[in-house]
Amino acid sequence: MKPIAPAQIDWRDSDTPMAPEFDDVYFSTDDGADETRYVFMQHNDLPNRFVEHKRATLVVAETGFGTGLNLCVLWQAFREFRHSHPNAPLKRLHFVTLEKHPVTPTDLAKAHRFWPQYGELTSQIQTAYPMPIEGCHRMEMDDGEVIVDLWLGDVQTTLPQIHATEQGLVDIWFLDGFTPSRNPDMWQGDLYAQMARLSRANATYATFTAAGHVRRGLEEAGFSVNKDVGYGVKREMIYGRFLTPREASSSELDGDVAIIGAGIAGAQLALSLCQRGIKVSLFSEDIAPADGASGNRQGAIYPLMNLAEDGLSQFYQQSYLLSRARINRLAKHHPFDFDWCGVLQLSQNAKDADKLARIANSPFPTELVHQVTKEQASHIADLPLNRGGLYFPYGGWVSPKQTVASLLAQAQDTGNLSCHYQYQLTQLEQLDSGHWQLHLSFNDIEGVSEHAVAEGIEPEFANVVICQGHRSSQLPQTAPLPLSPVRGQVSIPKATTTTAKLKTVLCADGYLVPALKGRLVSGASFVKGSVDVQWREQDREEIQGRMQNSFGGCLDANNDAWIDELDWDETGRAAIRGAVRDHFPLVGPIPDWSQIEASPDSYRKQPLPTQQGLYLIAGLGSRGLCSAPLLAEITASMMNDEPLPVSEFQLKRLLPGRFWQRRLDKGKSPTE
């Protein structure tokens with residue numbers, strides 16, 4: 001992962017931010033907002049395009065985020081359109097923007113003071129603004145009606161990583177950035193070729209420059225070029241349309257969606273779909289949401305960190321930031337227990353200490369993670385610790401069960417979600433229409449619902465998403481999935497006067513979460529291949545042993561090990577998680593296994609065929625609180641033919657058929 005260098009801004013000579021590296025300003029010294037309206041809005045025929053657009057989502061792409069001024073002008077116009085045309089087909093704005101050198105949060109806030117008319121919008125941008133981490137950062141604005149994908153990295157390497165179908169992706173381009181003569185690295189032929197790859201039929205563009213090589217590059221890539229008077233001191237500008245013949249845009253999601261499973265994955269997906277205006281029916285065999293692996297009292301949230309080049313760490317960093325943002329926004333409407341108290345990951349031995357030190361010395365933002373000594377760790381935790389490690393200052397804990405309930409409540413507030421509990425999916429049948437018929441039997445748990453309809457029901461849906469954790473592979477359509485059950489156990493000891501002081505999550509051989517209503521959460525032990533959810537005495541003993549290994553040598557002022565004070569009563573919980581051997585979750589359309597087996601040579605180095613309308617989110621392991629929001633957004637974006645919040649590189653590592661694809665690409669049988 002490459003480090004992201006923040007922008008160096010010079011405010012000395014004027015109130016307009018300037019980039020010394022490019023000897024250029026971020027926006028016009030006359031009137032930056034007016035320049036955006038003239039160059040980008042007027043010459044892309046906005047806001048008229050809002051009214052004429054036939055799809056539910058309009059995708060606008062920009063080649064330089066800067067201070068976000070273009071977004072604010074576009075966003076405000078979109079708000080006004082939605083207010084005056086509530087019944088128009090267009091419901092959502094999706095803004096894809098790229099930035100190689102993001103301004104710091106301080107400089108962003110300073111620049112935003114120039115536009116008080118956009119105060120509500122800039123406040124949302126500042127709240128959602130990501131840490132300087134390479135890759136795509138999805139920011140949900142106006143309760144999901146406006147989505148901003150901020151890609152951090154060089155445009156020449158980032159644009160090729162944006163996923164698009166043969167029908168394209170982008171409706172409108174804001175071709176921005178510093179002046180071509182001062183920023184030649186961006187204004188290259190590859191830029192225009194990528195614009196052509198990503199453009200939908202008849203996509204338009206506008207740019208403030210009229211440089212000859214820009215005009216020629218656009219024409220060679222298949223765009224028309226028209227000149228107009230430039231803004232302010234600029235003599236000319238250009239605008240145009242994508243002329244290359246292209247099939248009309250693929251259709252958006254057709255029909256209602258069934259989600260199978262009411263854990264963190266199903267709940268996050270329900271919210272992602274419902275806030276897009278999609279009708280969702282959620283089915284669970286349990287008596288209430290989050291009765292499985294998502295039902296723990298407290299769970300830690302922090303990103304998985306490693307130095308491998310497989311993309312795992314980057315995926316969890318992006319997931320972590322989106323999860324934090326969603327939790328903060330969700331809690332404003334449906335309060336639940338959580339605390340961004342930070343997470344300490346302590347070293348266990350010399351080898352582990354070396355690994356953590358190498359992570360700390362890598363170019364990760366300090367606000368994401370940094371190294372602390374044992375003295376600093378003890379001060380952060382407010383308990384004595386005998387070693388240091390890594391500190392995630394913006395990490396913390398949430399109540400998973402409460403979070404799932406709040407997500408579903410928020411989704412139900414849209415009027416688009418119906419929940420059906422105690423219904424077990426026994427069979428999934430694809431009809432001649434391509435739709436899926438669900439064969440559901442009523443799961444009369446302990447006879448608590450004697451008045452419910454006991455016979456099965458068979459609703460029909462165009463789209464089905466399986467979110468059943470380790471049980472996701474129990475259908476014929478999902479049987480080849482590489483999912484394994486992993487039994488996880490936590491203990492819930494009573495806090496004492498000393499341990500009640502714990503101020504942050506501690507992770508070592510096990511983990512310890514600060515007290516909630518007089519009890520801490522401690523864990524976890526793991527048993528591969530087990531589906532036994534019965535809490536056992538040996539579970540408590542194993543967790544106790546892990547706590548002793550982790551904190552037994554941490555002595556207080558009286559030379560007492562504070563971990564010994566915990567009251568290890570019989571309170572605990574066991575649940576089964578679904579895991580995948582490469583530690584990446586599974587997300588996306590489920591492959592058509594029989595078609596692949598019938599003709600494997602047809603799919604070597606080619607995308608695998610999929611079962612129409614059948615999707616999956618599974619294999620989240622013990623990090624579902626961190627990964628589920630991003631996985632939900634990936635799925636919802638796929639289903640709606642929207643931009644994806646992950647790169648092509650990452651997507652290949654997340655798709656459900658990736659192991660089959662790798663074997664095929666090596667010339668092997670898919671089932672070897």
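How many of the residues of strand E7 are buried? In this predicted model, E7 is mostly covered, with 6 of its 6 residues buried.

E7 has partners in strands E3 and E8. Strand E3, residues 57-62, runs parallel to E7 and is joined to it by 3 bridges; within this pairing, Glu62 stands opposite Phe174 of E7. Strand E8, residues 199-207, also runs parallel to E7, here through 5 bridges. In that pairing, Ile172 has Thr204 of E8 as its bridge partner. In a regular strand, side chains alternate between the two faces of the sheet.

The model contains 1 cavity of 30 Å³ or more, and the largest cavity holds about 30 Å³ of space. Its lining consists of Ala61, Val96, Leu98, Leu159, Ile162, Leu169, Val170, Trp173 and Leu198. By class, the lining has 9 nonpolar residues, with no polar and no charged residues.

The second largest pocket presents another kind of lining. About 1500 Å³ of space lies within this pocket, and 45 residues line it, of which His163, Thr165, Pro589, Thr610 and Met638 lie nearest its centre. Two or more lining residues come from each of strand E29 (586-591), strand E30 (610-618), helix H16 (624-639), helix H17 (648-652) and helix H18 (658-665). E30 supplies the largest share, 5 residues. The lining of this pocket divides into 15 nonpolar, 19 polar and 11 charged residues.

Three strands form an open sheet in the order E13-E18-E14, with antiparallel pairing. Strand E13 (299-301) and strand E14 (338-339) are the edge strands, each pairing on one side only. E14 and strand E18, residues 396-398, pair in the antiparallel sense over 2 bridges, and Phe338 stands opposite Val398 in E18.

Helix H13 covers residues 400-413. Buried residues in H13 are Pro400, Thr403, Val404, Ser406, Leu407, Leu408, Gln410 and Ala411. An α-helix has 3.6 residues a turn, so residues three or four places apart point the same way. Just after H13, Gly415 takes a positive phi of about 80 degrees.

Ser491 lies in strand E24, residues 484-491. Burial requires under 20% relative accessible area, and Ser491, at 1% relative accessibility, therefore counts as buried. Not counting residues up to four places away in sequence, Ser491 touches Leu520, Val521, Ser522, Trp535, Arg540, Ile543, Trp568, Thr571 and Gly572.

Pro3, by contrast, is found in the segment before strand E1 (18-19). Exposure requires a relative accessible area over 50%; Pro3 has 52% and is therefore exposed. The C-alpha atoms of Pro3 and Leu152 are separated by 9.9 Å, although these residues are 149 residues apart along the chain.

Technical notes. Residues are numbered from 1 along each chain as its sequence is written. This is a predicted model: local features need pLDDT of at least 70, side-chain atom pairs count only at pLDDT 80 or more; totals for chains, interfaces and linings use all residues. Side-chain values use heavy atoms; hydrogens and water are left out. Helices (H or I, at least four residues) and strands (E, at least two) are DSSP runs, numbered from the N terminus. The expected span of a helix is 1.5 Å times one less than its number of residues. Buried means under 20% relative accessible area, exposed over 50%, partly exposed in between (1.4 Å probe, protein chains only). Two strands pair if DSSP finds at least two bridges between them. On a 1 Å grid over the protein atoms alone, a cavity is a set of points where a 1.4 Å probe fits but cannot get out, and a pocket is an open set with protein on both sides within 12 Å along at least five of seven lines; lining residues have an atom within 4 Å of a point. Grid points are joined across faces, edges and corners, and a volume is the space filled by probe spheres set on the points. Ala, Val, Leu, Ile, Met, Phe, Trp, Tyr, Cys and Pro count as nonpolar, Asp, Glu, Lys and Arg as charged, and the others, Gly among them, as polar. Contact means heavy atoms within 4.5 Å.
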